[in-house]
Amino acid sequence: MLAPVMGRVTRSVLRRVRPGGGTTLPGWVAVKLDPKFVERTAARFALRVVITGTNGKTSTMTLLRHLLERDGCVVVANEEGANLHQGVAAALLEGPGDALVMEVDEAAFPRLAPALAPHLVIVTGLFRDQLDRFGEVRTTRGHLERAIASLPEARLLLNGDDPLVASLAVEGRSLAFRAALPPMDVPSDIPACPVCGGDLVYDERYYAHLGRYRCEACGFTNPATPYEATFGVDGLTMDGRTYPPLPPYLHPYSATAALAAARALGVEPALEAWPNAVGGRGEVRTILERRVSLALVKNPASMSWNLAQERADAHAFFINDGAADGVDVSWLWDARYPPLLGRVAVGGTRALEFLIRMRYLEPRAEATAFPTLQGALMHAVRGAPAGGSVLVLSTYTNLKQAYQLLDRPPAEASSAGTALPAQSPAVPPSRGRGGNGRPARIAWLYPDQMGTYGDGGNLEVLRRRLAWRGRAAEVVRVDVGDTWPRDVDAVVMGGGEDLAQGLIMSDLRRHAGEIGALLDDGAAALVVCGGYQLLGESFEVDGRPVEGLGLLPVTTGRGTSRLVGRMLVESPFVDGLLVGFENHGGHTRLHGGTALGRVVQGHGNALEGAAGEGVVHAHAIGTYLHGPVLARNPWLADLVLGWIAERLGWEALDPLDDAIERQALERFVTASRTR
Ligand code: GLN
């Protein structure tokens, strides 16, 4: 009895001293006094539902709670979105009730789900998310799969349009939901069929890897389901019943999942209106006669989707890199940004990095970074016409402050911002240009499979930095089955999951001769993480060695730990520091060439005694600095471009204005040293 009493006492004290606070501490107290508090308390509910997945948990939970309450149920839920052990324990202090509806973090699920002993588990969708925490999206799926096996009593309600989720089905106890959505261009987060590694083909692709799919090898396909939502002007229709049109913030899959869950629980869902907002998402306020709305962004899927829902006159991006946001924000480079963003204002700990992202958009966005969120918000508001609209896109740890700002906007924001150079970069095209006048041709290898860590930005950086100097570049994709393109001057490949590396290797081998000849001939190459490993002598997939192309003097084995986090590298090739992130299970040894640099912080190659990172071999660079490494380190981009210029007989390339990148690098170094 003591645990719940003390938990409740803590809660009421906290609420008095800190209104709106106290979402987890009361739970900590309860669990401290009774380690079995969650199990014991959850068992008192006649119905227990757990919701997990990377995106859409909070919306689905809130909607389902609403639908069950409409049906007369007393529901206890973790409304504040506190979805780790203590947060769930704190929410349980709200009882008693008839039904428990809890969202649970994907990594906490294996421990928490058995404690909650759910009757129904809903999996909303799995996207690349917090990769610095999970490594690969397949790892996240693996956590769920193992945990589901330990819940023999639970029925599953799975997003059937998401192959990663649908493949979690267990014979005899799985249901699925699906939705027919208009197609949207968002990169897929899986390289192949999650069941057998075969080719997934899509009849319809809604966005990312969601759609109507079928594996050519094993036949794995969307499950049959009674819960199908269709969307029209009247709203969402399921099973002959039409619900109101969704507000822009509410994802169709969240609405579909909640309606399907209610039905699966035997409730005929009734609803006259969707909630206006959920946990800050979808909040709308009027500031200085502009309509300002708030959205949560966390990965390419959510950023691209939110930007496509509302056409706003101006945008404010609040980008943080706290642990709950994901420390590595490379994903910002893989989101899709509409061409007309209007005025863009940026705040948060990674404001400068986002400003650099905007620099490389085409057409370039008019963006300014601010030291405070207030400054950014008011700049965006003033950039929209009176009567116009502003969309605020915030990462998780900024959401609360964003919400408070919307409620109580600052009277006047005086902070000065850092703007992109007015005509970025204001450098006239090279004078005497010299050499071969044809565009530089850059082969981009397997973007679909080898682009998991935000590496795609590197191509934009190379192309645009040439364009700004009056030189054209063509990026030529090389996908599985393609013939090798003509006249290649540079080869670029990004990082990928172990599975993806294994899958493309045999196709890549067909091009070994061409790539080898190019490197011998002085062509440039930038190969990152997985790509770096593939060009070496060998690497490992699932404990088995796989022969690489043998073009770089490196060998990759496996260490005991995955190497994840910020990396600082002192490099003679750029006369200074290179910064970025690494996220790899492979440990690499150099037996030739020169290391790209010396690791100051982080791991790099890891197997080379002298704390080396990457390799430079002729004009090829291999590195574990992933994501848009060239955007963060434009001096490295210019090294590669210099080699291309040399190959084409061009005159030396003019310098560009990279003051913002220098500032961002300093911030990155300070942040790395203080964490
Ligand atoms: N799959 C490889 C590894 O884990 C490469 C990872 C990456 O590209 N970031 O080592």
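**View 1. Strand β9 and its two partner strands.** Strand β9 (residues 227-232) runs parallel to strand β6 (residues 174-180), the two being joined by 4 bridges, and in β9 the bridge partner of A180 is T230. β9 also pairs with strand β10 (residues 235-238), here in the antiparallel sense and over 4 bridges, and these two strands form a hairpin with 2 residues between them. Strands are DSSP runs (E, at least two residues), numbered from the N terminus, and two of them pair if DSSP finds at least two bridges between them.

**View 2. The interface of domain 1 and domain 3.** An automatic or database assignment sets the domain bounds, giving domain 1 (36-184 + 223-264) and domain 3 (440-673) among the domains of the protein chain. Between them, domain 1 and domain 3 bury about 700 Å², this being the accessible area (1.4 Å probe) lost on being put together, summed over both. In domain 1, R128, E136 and R138 lose the most area to domain 3, together 58% of what that side buries.

**View 3. Contacts across the interface.** Here 7 residues of domain 1 are in contact with 10 residues of domain 3, contact meaning heavy atoms within 4.5 Å.

Residues are numbered from 1 along each chain as its sequence is written, and side-chain values use heavy atoms, with hydrogens and water left out. In this predicted model, local features need pLDDT of at least 70 and side-chain atom pairs count only at pLDDT 80 or more, whereas totals for chains, interfaces and linings use all residues.

Note on methods
Buried area is the accessible area (1.4 Å probe) that two parts lose on being put together, summed over both.
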